[in-house]
Amino acid sequence: MSALYGTYARSELAFERGEGVRLFAQDGRRYLDFHSGIAVNALGHGDPHLVNALKAAAEKVWHTSNTFTIPEQERLGQRLVDATFADAVFFTNSGAEAVECAIKTARRYFYDKGEKDRYEIIAFTGSFHGRTLGTIAAGGNPSYLEGFGPPVEGFKHLKPGNLEAVAAAIGPRTCAILIEPVQGEGGVTAFPAEYMQGLRALCDAHGLLLVLDEVQCGYGRTGRFFAHEWSGITPDIMAVAKGIGGGFPLGACLATAEVAKSMVPGTHGSTYGGNPLASAVGNAVLDRILAPGFIAEVDRVGQLFAWHLRQLAQRFPQYVVETRGKGLLAGIKITPPVKDFVVRLRDDHQMLCIAAGDNVVRLIPPLVVTDADIEEAIGKLADAFTALDAEAAASGKAAG
Ligand SMILES: *Cc1c(COP(=O)(O)O)cnc(C)c1O
C-alpha cells in the first residue's frame, strides 16, 4: 500500500534516467517519450545546458522569497517581455497558479476602474485550467467540481467555435474571455485563426480583456513561441507554465502594462514563485527555445509529424477517426478506448503518450524530437494498430 493520496491512477513503471526523447526504466527498458511529463520536458531529459544551469544555481542562493530582488527573475521577466505582447510578468510555481493570477488580474482591473460588479468571465466547455478551486470553476468540468462545495462564482461556459454565441453571452458584468488557443486535456482541439481573431474583436468592441491559457500550447510547442501568434492577435493577459521550466516547477502570468498596474503591493503573492533556482532554470530553457532557428525547427518537425499522422489515419481508417492539434501538440481521435490503447503503446511498444478528452491519443514529445524519432513513433503506432487487427482477426476466427 502506498503512503500517497490515491488521486492518480499510477502505473508501477518508474524511471531512473533520461536522455533526450528517451526514458530508461528501473528494469533497464528503454521508452520513447511522447508524453514529456505532460508537455513539460520541452528540451527532453538530461539537457546539459539545463543541468549545468541548475547545478550552478544550486551552489549559490536557493531561495530568498520575493521580499528581495531576485536578479535571475528580473532577467527572465525582461526577456519574456521583450519576446511577447506583455509588459509585466508574475511568476508562479504551476499552471493553475498562473491562471489564478490571470483571473485575479482581470477582475482587479475592472475593480480599480470602479466597475466592481464586472467580474464575470466567459470560458469554454472542453477547457482545462487547473485543479485549484478557482481554476476548476474556470474549467467548468462537472466531474472536477463535484464534492468540493460551491464553485467560485463568475464563470459562464459556452461551447467553443461559435462567435455569435459569445457575442450573445456578453453582458454588463462580463469582464473577460478566457480560452486555450489549443485545448490540450480536452481533446487537442486547435481553434482556427478566424475564431481567435473574432474573440479579440468582441473583446475590443465590448471593452473586455482577452485572457489566454497557453500553459500547454505555449512556449514553442505549436511551432510559434506562443500559439496565439498563428492568428496574429495578442491577448491582454496570458498564463504560461509547463514548458517554461523544462521540468522545474515554474509558471508565469504575463500582462500588458495597462492591466498589470492594478496588481499593486498586497493584491497577490507567492512564497516560491520565480525563486532563484526556478528562474535560473527558466533562463536556461529560454536560451534554448529562443536560440535562432529553434522554434522554426519545431514548426518543421511538427508539420512532418502531422503529415505522418494523416498517412497513418489513411492506413488505419478502422481505428483513426481524425488527426488533431498544432505542431508538437498533436492528437489522433481513435475508435478503441484511448486509455487501453495508451497502456498498450507503453507496455507492448515502449512508447509513452497520454490520453486526452474525446478519446484522443495526445502526442506531445519534447521539442527537440528529430525526424527519426517521429518515424519511430509512427512505426510504434502502426504496430499497435496492426496488433489490434491481428487480435480482432484471431477472436473473429475463434468466434467463427
Ligand atoms: C496543465 C494545465 C494547467 C494546470 O497546470 P498545473 O501546473 O497542473 O497547475 C492549466 N491550463 C492548461 C491549459 C494546462 O494544460
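**Close-up views of a predicted model**

**View 1. Residue D112 in helix 4.** D112 lies in helix 4, which spans residues 95-112. The coordinates shown here and in the other views belong to a predicted model. A polar contact of 3.1 Å links the side chain of D112 to the side chain of S262. M263 is 151 residues away from D112 in sequence, yet their C-alpha atoms are 9.6 Å apart in space.

View 2. Strand 12 comprises residues 251-255. Five of its five residues are buried, so strand 12 is largely enclosed by the rest of the structure. Cover is present on both faces: G251, C253 and A255 are buried on one side, and A252 and L254 are buried on the other. Strand 4 (residues 88-92) runs antiparallel to strand 12 and is joined to it by five bridges. In this pairing, F91 stands opposite A252. Strand 11 (residues 237-240) also pairs with strand 12 in the antiparallel sense, over four bridges. Here M238 is the residue opposite L254.

View 3. Strand 10 (residues 209-213) is mostly covered, with five of its five residues buried. L209, V211 and D213 point one way from the strand, while L210 and L212 point the other way. Both sets are buried, the acidic residue D213 included. Strand 7 (residues 174-179) runs parallel to strand 10, and four bridges join the two. Within that pairing, L178 has V211 as its bridge partner. Strand 10 pairs with strand 11 in the parallel sense as well, over three bridges. L212 stands opposite M238 of strand 11, and M238 in turn stands opposite L254 in strand 12.

**View 4. The loop residue S270.** S270 is located in the loop that connects helix 9 (257-260) with helix 10 (276-289). A polar atom of the S270 side chain lies 2.9 Å from the backbone nitrogen of G273. Leaving aside residues up to four places away in sequence, S270 touches N66, F90, F91 and N93. One of these, F91, is the residue that stands opposite A252 in strand 12.

**View 5. A nonpolar surface patch around F148.** L133, F148 and V152 make a nonpolar surface patch of about 300 Å². F148 sits in the loop between helix 6 (142-145) and strand 6 (155-158). Its relative accessibility is 53%, so F148 counts as exposed; the cut-off for that class is over 50%.

View 6. Four strands form an open sheet in the order 1-2-3-15, with mixed pairing. Strand 1 (15-19) and strand 15 (351-352) stand at the edges with a single partner strand each, so one side of each has no neighbour in the sheet. Strand 2 (residues 22-25) pairs with strand 3 (residues 30-33) in the antiparallel sense, over three bridges. L23 stands opposite Y31 in this pairing.

Technical notes:
Residues are numbered from 1 along each chain as its sequence is written. This is a predicted model: local features need pLDDT of at least 70, side-chain atom pairs count only at pLDDT 80 or more; totals for chains, interfaces and linings use all residues. Side-chain values use heavy atoms; hydrogens and water are left out. A polar contact is a pair of N or O atoms within 3.5 Å; within protein, one must be able to donate a hydrogen and the other to accept it, and residues adjacent in sequence count only if both atoms are side-chain atoms. Contact means heavy atoms within 4.5 Å. Patches are made of residues with over 30% relative accessible area and no salt bridge: like charges are joined within 9 Å, nonpolar side chains (Val, Leu, Ile, Met, Phe, Trp, Tyr) within 5 Å. Accessible areas come from the Shrake-Rupley method with a 1.4 Å probe; for residues, only the protein chains shown count as cover. A salt bridge is a side-chain nitrogen of Lys or Arg within 4 Å of a carboxyl oxygen of Asp or Glu. Buried means under 20% relative accessible area, exposed over 50%, partly exposed in between (1.4 Å probe, protein chains only). Two strands pair if DSSP finds at least two bridges between them.
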